[in-house]
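Colleague: I'm new to reading models, so please pick one part and take me through it closely. Tell me what pairs with what, and then what packs around it.

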Amino acid sequence: MNQQPILVWGGGAIGGTLAAYWARAGVPVLLVDIVEEHVEACRTRGLRVFGPVEEFTVKVPAATPDAVSGRYDRIVLAVKAHATETALARLAPHLAPDGFVLSAQNGLNEIAIARAVGAARTMGCFVNFGADWHGPGEILFGNRSAVVAGEIDATIKPRTRDMHALLQIFEPDAVLTANIWGYLWGKLAYGAMLFATALNPDSMSANFADPKRRIVFDRLGREVMAVAHARGVTPVGFGDFDPKAFLPDGSTSARERTLTWLADFNSKSAKTHSGIYRDLAVRKRKTEVDPQIGIISALGREAGIATPALERLVALIHDIEDERRPMSLATFEELAATCTSASMAKSRS
């Protein structure tokens, strides 16, 4: 296997956890992050991964973007979705001509990566494990979940198999797929629901378990899947989360089973709230709502698919970001009202 260091660009919840596992296994890695204190902690006292899954500390070679030199065959991009284009501009000079960038992110960032470095130098990745960056050199690993690697052109190459093997160091059940877009769109249905849970201070599990709130999660899932269906995507889920239940021909009972499973799945994680919630309530910073959720509405407009609930969700998240609205049940109910109206209009059509 290639012994050149893997350049992990972004040392937060996803990138930091992957880099720690690889470093512990003896895989050469260089972690890149803009937070100098985090970089210093990782390379000196070590990066501590803690939580119910496993606890360990490992020294990880790390640098700020300005200190990176040379070119790399494998770059794992693990920054927040809204930082993708800025990160790409800085990492592109370090990508070898025959190298690739793997998107270990949430959303459809492979589209932006392909525009920046070329489709042939872009690899897709689906990550769904629960982790949070808690401070310099500190990452909570809350729960295991699916990790999937695949080419965006639906082929499987030697490099795809190599990357899959590396991901198995972190997650032994990691999947190699020829349908990475199916996994990414499947997660977008779940991702939209997670953004909705962040409109109020309750846990993810409490939100999914409340029957009165399920009209929101049902509607968001169906809008995401309507756009995916229009783009010819065959969605794939994780665990017992079945995105196909939210396709136009999906059944109400199947959607209810899926939402019940989400309540149970999240109740067993040490990560009680989403990273979106932490961005809004703890770190007081902008979320990934535009590149993750806003892009779905834009793609929907191209396909002639209306997404009123998704558009309202984006607006409400921005209201909380800009302190025009509180994170509250009342704010969640604003979205519920839009979902109710959209569902009633659909039933009359």
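Modeller: Let's begin with two neighbouring strands: strand 11 (residues 147-151) runs parallel to strand 12, and three bridges hold them together. Here helices (H or I, at least four residues) and strands (E, at least two) are DSSP runs numbered from the N terminus, and two strands pair if DSSP finds at least two bridges between them. Gly-150, for instance, has Thr-177 in strand 12 as its bridge partner.

Before we go on, note that this is a predicted model, in which local features need pLDDT of at least 70 and side-chain atom pairs count only at pLDDT 80 or more, while totals for chains, interfaces and linings use all residues. Residues are numbered from 1 along each chain as its sequence is written, and side-chain values use heavy atoms, with hydrogens and water left out.

Now widen the view. The two strands belong to an open sheet of eight strands, ordered 5-2-1-6-7-8-11-12, with mixed pairing. Strand 5 (62-63) and strand 12 (175-177) are at the edges with a single partner strand each, so one side of each has no neighbour in the sheet.

Further along the order, strand 1 and strand 2 pair in the parallel sense over four bridges, with Ile-6 standing opposite Val-29 in strand 2. From strand 2 (residues 29-32), Val-29 and Leu-31 point one way while Leu-30 and Val-32 point the other, and all of them are buried. Buried means under 20% relative accessible area, exposed over 50% and partly exposed in between (1.4 Å probe, protein chains only).

What packs around the sheet? An α-helix has 3.6 residues a turn, so residues three or four places apart point the same way.

For comparison, look at the nonpolar cores, which are sets of buried Ala, Val, Leu, Ile, Met, Phe, Trp, Tyr and Cys residues joined through side-chain atoms within 4.5 Å. The largest has 57 residues, and Trp-185 and Phe-208 touch the most other members. Helix 6 gives this core its largest share, twelve residues.

Finally, some rings. The whole structure holds 18 aromatic pairs: rings of Phe, Tyr and Trp (its six-membered ring) pair if their centres lie within 6.5 Å, and planes under 30 degrees apart count as stacked, over 60 as edge-to-face and the rest as tilted. Tyr-190 and Phe-208 make a stacked pair, 6.3 Å centre to centre with 25° between the planes. Tyr-190 is in helix 6 (residues 180-197) and Phe-208 in helix 7 (residues 204-209), 18 residues apart. Both Tyr-190 and Phe-208 are buried.
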